[in-house]
Number of protein chains: 2
Amino acid sequence: MSMSGARESGRRRLVVIGGDAAGMSAASQARRLKDPGELEIVAFERGHFTSYSACGIPYWVGGEVSGRDRLIARTPEEHRARGIDLRLRTEVTGIDVAGGRVRARDVDSGDESWTPYDQLVIATGARPLRPDLPGVDAPGVHGVQTLDDGEALLATLARTRGRRAVVVGAGYIGVEMAEALIRRGYEVTVVNRAEEPMSTLDPDMGRLVREAMEGMGITMVNGAEVTALPTGDDGRVRAVATRDAEFPADVVVLGIGVRPQTSLAAAAGLPLGGHGGLLTDRAMRVRGHENIWAGGDCVEVLDLVTGQERHIPLGTHANKHGQVIGTNVGGGYATFPGVVGTAVSKVCDLEIARTGLREKDARRAGLRFVTATIESTSRAGYYPGASPMTVKMLAEHRTGRLLGVQIVGREGAGKRVDIAAVALTAGMTAEQMTALDLGYAPPFSPVWDPVLVAARKATAKVREAGA
Amino acid sequence: MSMSGARESGRRRLVVIGGDAAGMSAASQARRLKDPGELEIVAFERGHFTSYSACGIPYWVGGEVSGRDRLIARTPEEHRARGIDLRLRTEVTGIDVAGGRVRARDVDSGDESWTPYDQLVIATGARPLRPDLPGVDAPGVHGVQTLDDGEALLATLARTRGRRAVVVGAGYIGVEMAEALIRRGYEVTVVNRAEEPMSTLDPDMGRLVREAMEGMGITMVNGAEVTALPTGDDGRVRAVATRDAEFPADVVVLGIGVRPQTSLAAAAGLPLGGHGGLLTDRAMRVRGHENIWAGGDCVEVLDLVTGQERHIPLGTHANKHGQVIGTNVGGGYATFPGVVGTAVSKVCDLEIARTGLREKDARRAGLRFVTATIESTSRAGYYPGASPMTVKMLAEHRTGRLLGVQIVGREGAGKRVDIAAVALTAGMTAEQMTALDLGYAPPFSPVWDPVLVAARKATAKVREAGA
């Protein structure tokens with residue numbers, strides 16, 4: 001690649017680093033707004049795939065989604081047909097901010113060259129935490145971040161005679177993979193460092209998740225730090241070891257979270273936050289750089305509840321970032337105002353949701369608060385299929401401002417968190433929430449929606465706590 | 001009953017007219033805050049039951065709810081055990097505002113007497129529209145407003161050999177009763193005056209409901225005014241006649257709506273609104289009357305979107321009203337700020353939801369608007385059980401303020417309207433909604449929630465429409 005003729009003809013070039021949700025959404029949206037005569041778009045992706053749903057990998061592994069290609073929203077060919085010069089298996093190895101160019105290497109041939117840009121989008125995603133443990137690279141140990149990871153895991157499952165699976169980590173990926181492996185007929189053990197699974201919830205709500213998972217026949221090992229992944233004579237993993245015990249394993253899945261993939265950005269001197277993610281303004285422009293944008297799992301996002309930056313790797317944010325970046329690069333105007341920290345997940349029929357602050361987040365932010373936990377049902381109690389759910393609400397001491405909601409229940413529980421997500425965004429108090437005009441009919445809700453019941457109790461607690 | 005000794009001893013008396021949701025919620029909440037030594041509570045109910053879910057009647061008739069008593073949240077005995085002097089089969093026949101007393105008649109004995117009050121709660125509910133048609137009182141013609149109605153209908157169904165049912169009206173009650181009768185094995189015809197069913201939706205969304213109901217084997221007759229309910233030689237209803245046709249019927253269910261039951265209040269000179277409902281302030285105090293409160297289906301409520309009063313008979317509002325009244329009567333402070341017009345319903349597996357303004361409401365309110373209608377799915381497209389849904393959004397011209405949302409879909413569609421209900425309450429724009437941090441995971445939502453997709457399209461329409 002050499003300096004193209006693009007600039008001479010007045011045509012500008014957008015370079016995108018990373019071909020998944022944020023990068024390709026940005027590219028696609030920019031393309032919608034600017035035709036190829038105005039804007040050349042070059043996208044580099046070091047892997048084989050574009051625009052796929054990493055969030056769907058557990059369901060593919062579990063067999064609910066029939067094949068890898070179902071997770072691909074748009075193929076490389078489709079992107080190319082829309083006038084995006086997509087270069088697969090091409091890894092960007094350097095960003096020259098002063099020179100306005102990136103260096104990229106063909107992964108197969110090793111050839112490297114520079115590509116100049118007028119606008120740059122950094123969408124390098126996140127890298128899985130891979131603890132420095134003996135045996136972590138042994139055959140039979142798998143991450144589940146990429147489609148390649150999913151294929152490798154499925155190949156192992158197809159080969160493995162034993163039926164013992166150990167999942168390390170009990171966050172979203174961990175619990176979703178526990179479900180996937182149960183579906184595949186494995187005996188599943190989840191080994192988790194914290195005292196309860198789902199540390200994105202408060203421990204009292206995490207306990208409900210643990211009890212439900214134990215009820216599904218999953219062995220939950222909490223408060224356990226993994227010390228090694230012992231291997232057998234064949235070199236394959238054979239167990240997960242903690243200080244106190246060893247859990248036999250025919251396959252091990254690592255679900256211990258990710259960190260922003262920002263080594264390129266750091267080397268280029270771009271601004272990183274306390275969580276290692278790129279810092280942007282609300283237009284998703286890298287702070288201090290007019291023509292460099294960043295989005296997806298490699299950036300930090302503004303938490304609208306605390307006003308502080310967080311790292312929340314989630315496909316739904318990545319897509320929004322890409323949309324905003326593409327709009328701005330394409331000459332429009334859009335912003336991503338921030339997040340409230342909403343997440344929803346399930347393990348078998350258990351639904352788990354949260355938004356806003358946990359108790360420890362609130363304390364860390366210096367906020368005083370009350371908590372209210374209630375039990376209700378997804379439908380009118382007399383309606384068939386009404387299932388129990390627990391809703392916990394945090395509201396600020398004195399003001400009653402909603403700070404967070406956590407929900408654990410069965411069918412119909414999880415998406416109720418959206419009520420609280422919108423209320424948090426709007427800065428509502430728990431008391432204001434008690435009057436919300438939510439959809440009511442017996443098949444859909446008790447006459448007081450569980451979120452309203454929690455809001456009533458939180459309101460009462462705020463009053464009792466007084467000044 | 002004579003003037004009690006209550007007042008002399010400093011004890012006050014709360015009189016409640018109407019023993020269902022609003023009245024008994026008010027009584028119960030007042031009792032929680034004031035013990036019987038401070039506040040005597042007398043509640044008059046002309047029927048046999050208290051605190052029951054009228055909304056649940058279709059599911060009882062349909063057989064999904066096993067019996068009448070399942071619909072009763074709190075029995076007369078339970079209320080009495082909590083220190084409420086509940087008088088069943090006692091109809092209030094007059095309110096003497098100047099004298100601070102109500103006249104009540106024992107329905108069985110015909111005895112009448114006056115009861116003085118310090119505080120009065122009017123919770124007289126709504127009365128079903130019963131059109132003045134030949135045959136409307138014939139055996140086999142049923143309303144479904146009260147438990148007594150439900151029992152009478154079930155008795156007819158048990159007796160009737162024929163399997164042809166005609167439902168008059170295609171609002172919530174009409175479509176829910178269509179489902180109930182289908183479940184009972186009837187051939188169901190729904191005769192509806194409007195051009196499409198569910199006139200709480202715009203006709204383009206109502207059409208989706210009609211098509212789905214036709215797909216369930218229900219005969220939908222639209223644009224048809226009922227002219228008579230012809231009877232047979234046995235005096236029982238045998239058909240529903242319109243100007244153009246006659247639909248044979250072994251049973252007829254009237255689901256044609258209700259009006260506020262405010263004849264008592266009107267006779268007492270209390271203020272009524274344009275829809276015939278009592279007018280209150282936000283504390284649910286009848287306007288101009290310090291010690292008279294009203295709530296539930298007999299009042300008008302403030303529409304927060306238009307700033308105008310509406311009549312929305314719905315159990316969830318009635319319960320909130322009762323809670324607010326009881327708190328205020330009990331010496332606390334609470335308000336009911338108003339509604340945004342949220343409603344959700346289902347017919348078999350079709351979910352129907354709406355909040356805010358329809359096109360005709362917006363026009364009537366003098367608002368210019370854009371509409372956006374999108375199709376999406378309840379879950380990620382690749383996830384099993386992802387079902388299609390249509391979301392229509394109205395946003396104000398120029399400002400983009402959210403005005404309303406309508407949703408028609410299958411499992412997972414209906415309660416998504418809550419997102420819009422909260423956004424309406426908060427006065428959000430469609431553009432602000434595009435950034436909402438809603439719960440995302442493949443089993444719960446596409447990466448862009450359908451409501452967000454609608455918000456994006458509405459935002460684009462607002463921009464296109466320009467100034």
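## Helices α1 and α8 of chain A

Two residues are said to be in contact here if their C-beta atoms, placed from the backbone, lie within 7 Å. By that rule, in this predicted model, helix α1 of chain A meets helix α8 of chain A through a series of residues that includes A:A21, A:A22, A:M24, A:A26 and A:L33 on the α1(A) side, and A:G315, A:A318, A:H321, A:I325 and A:V329 on the α8(A) side. Sorted by class, this contact holds ten nonpolar and eleven polar residues, while no charged residues take part.

## The domains of chain A

The domain assignment divides chain A into three domains, of which domain 1 is made up of the stretches 3-46, 53-127 and 259-329, whereas domain 2 spans 130-256 and domain 3 spans 349-460. The C-alpha centres of domain 1 of chain A and domain 2 of chain A are 31 Å apart, and the contact between these domains draws on nine residues from domain 1 and 14 residues from domain 2.

Which classes of residue does domain 1 of chain A present to domain 2 of chain A? On that side there are six nonpolar residues, together with two polar residues and one charged residue.

## How chain A and chain B are related

Chain A can be laid on chain B with an RMSD of 0.0 Å by a turn of 180°, with a shift of 0.0 Å along the axis. This is the relation of a two-fold axis, and the same surface serves both copies, since 100% of the contact residues of chain A recur in chain B.

## The contact between the chains

Between the two chains, 50 residues of chain A are in contact with 50 residues of chain B. Among the elements of chain A that each supply at least two residues to the side touching chain B are α8, β21 (343-347) and α10 (417-425). The largest share of that side, seven residues, comes from α10(A).

Definitions and conventions
Residues numbered from 1 in each chain as written. Chains lettered and ligands numbered in written order. Predicted model: local features only at pLDDT ≥ 70, side-chain atom pairs only at ≥ 80, totals over all residues. Least-squares fit on C-alpha atoms with pLDDT ≥ 70 in both. Domains from an automatic or database assignment. Nonpolar A, V, L, I, M, F, W, Y, C, P; charged D, E, K, R; others polar. Helix = DSSP H or I, 4+ residues; strand = E, 2+ residues; numbered from the N terminus.
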